[in-house]
Amino acid sequence: MSDVRTVLVLGGSRGIGAAIVRRFAQAGDKVTFTYVGSHEAAEQLASETGSTAVRADSADRDAVIASVRESGPLDVLVVNSGIGVFGDALAQDPDAIDRLFQINIHAPYHAAVEAARHMPEGGRIIVMGSVNGDRMPLAGMASYAVSKSAMQGLARGLARDFGPRGITVNVVQPGPIDTDANPADGPMKDLMHSFMAIKRHGQPEEVAGMVAWLAGPEAGFVTGAMHTIDGAFGA
Ligand code: NDP
């Protein structure tokens with residue numbers, strides 16, 4: 001792997017993804033990231049960090065595969081894009097649930113496989129799961145939990161497929177992190193903090209630090225594993 005790594009972050013315009021983009025860009029890596037709706041935030045982040053923003057919907061398999069191909073060969077793939085559809089399972093629109101599965105499950109799988117086609121020895125695949133892949137203490141979030149548990153199977157299986165080439169596949173599992181999707185001052189904060197040993201939301205930069213370590217040279221023996229960063233939400 002060369003000193004300047006080629007990195008793709010799927011879903012990098014805001015929140016945890018933007019912190020990951022900043023972290024790799026600060027390390028001097030060549031970073032591309034995708035987004036879907038936040039054009040202005042994406043352009044601003046790209047100019048701030050010297051990274052490249054590409055509009056590509058993670059619900060569109062062909063667009064995901066094209067993004068990986070066009071920004072590769074990749075040293076590091078981070079699949080961060082993810083959504084939640086919350087509420088009564090009996091009342092939810094099945095199309096909205098299928099779109100969640102496309103973004104949260106299909107995109108990571110197809111992106112990881114496509115990236116591995118041309119990834120060099122020492123390559124890194126990191127997907128954003130959730131502590132909800134291990135523990136779901138609340139009603140109304142089953143589809144999200146399904147999708148994040150699926151990342152565990154992805155990592156275990158693809159770690160076997162790509163390990164012989166020195167490529168690692170790992171899941172980062174955050175607990176509550178302060179982003180637009182889960183603001184630290186949101187209505188659920190007290191309930192979420194009641195489950196935790198460290199009673200606060202995490203910061204996107206704390207998650208980006210874990211991603212950076214998994215992508216770095218010290219983590220070459222770490223694969224097929226879940227890395228929880230949750231203030232003991234799931235403990
Ligand atoms: P945000 O909603 O704050 O940001 C999501 C990012 O993903 C944005 O950059 C968004 O782009 C992008 N994205 C969403 N859908 C798509 C899509 N269809 N195609 C391309 N990009 C897309 O989320 P968070 O930063 O909070 O979450 C990031 C990841 O971390 C998700 O996978 C989430 O499930 C996971 N996570 C978050 C936790 C939290 O408490 N915040 C806890 C556990 C896991 P755009 O700006 O264009 O919409």
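In this report Ala, Val, Leu, Ile, Met, Phe, Trp, Tyr, Cys and Pro count as nonpolar, Asp, Glu, Lys and Arg as charged, and the others, Gly among them, as polar. By that scheme, the shell around the ligand has 12 nonpolar, 15 polar and five charged residues.

Before going further, a word on the model. This is a predicted model, where local features need pLDDT of at least 70, side-chain atom pairs count only at pLDDT 80 or more, and totals for chains, interfaces and linings use all residues. Residues are numbered from 1 along each chain as its sequence is written, and side-chain values use heavy atoms, with hydrogens and water left out.

## Around the ligand

Of the 32 residues around the ligand, the nearest are Ser 13, Arg 14, Gly 37, Ser 38 and Thr 179. Helix 1 (15-26), helix 4 (94-118) and helix 5 (142-162) each give the shell at least two residues; helices here are DSSP runs (H or I, at least four residues), numbered from the N terminus.

| Side chain | Distance to a ligand oxygen |
|---|---|
| Ser 13 | 2.6 Å |
| Ser 38 | 2.5 Å |
| Tyr 144 | 2.7 Å |

Taken alone, the ligand exposes 890 Å², and the protein buries 93% of that. Such accessible areas come from the Shrake-Rupley method with a 1.4 Å probe.

## Salt bridges

Side chains of opposite charge can pair when their charged atoms come close. With a salt bridge taken as a side-chain nitrogen of Lys or Arg within 4 Å of a carboxyl oxygen of Asp or Glu, the count comes to eight. One of them joins Arg 22 and Glu 48 at 2.6 Å, N to O. This pair links distant parts of the chain, with Arg 22 in helix 1 and Glu 48 in helix 2 (residues 39-49), 26 residues apart.

Glu 114 and Arg 117 form another salt bridge, their closest N and O atoms being 2.8 Å apart. Because they are three residues apart in helix 4, about one helical turn separates them. Glu 114 is buried at 5% relative accessibility, while Arg 117 is exposed at 52% (buried means under 20% relative accessible area, exposed over 50%, partly exposed in between; 1.4 Å probe, protein chains only).

Lys 189 and Asp 190 also meet in a salt bridge, at 3.4 Å, N to O. Finally, salt bridges that share partners join Arg 69, Glu 114 and Arg 117 into one network.

Notes: Near = heavy atom within 4 Å. Polar contact = N/O pair within 3.5 Å; in protein donor to acceptor, adjacent residues only side chain to side chain.
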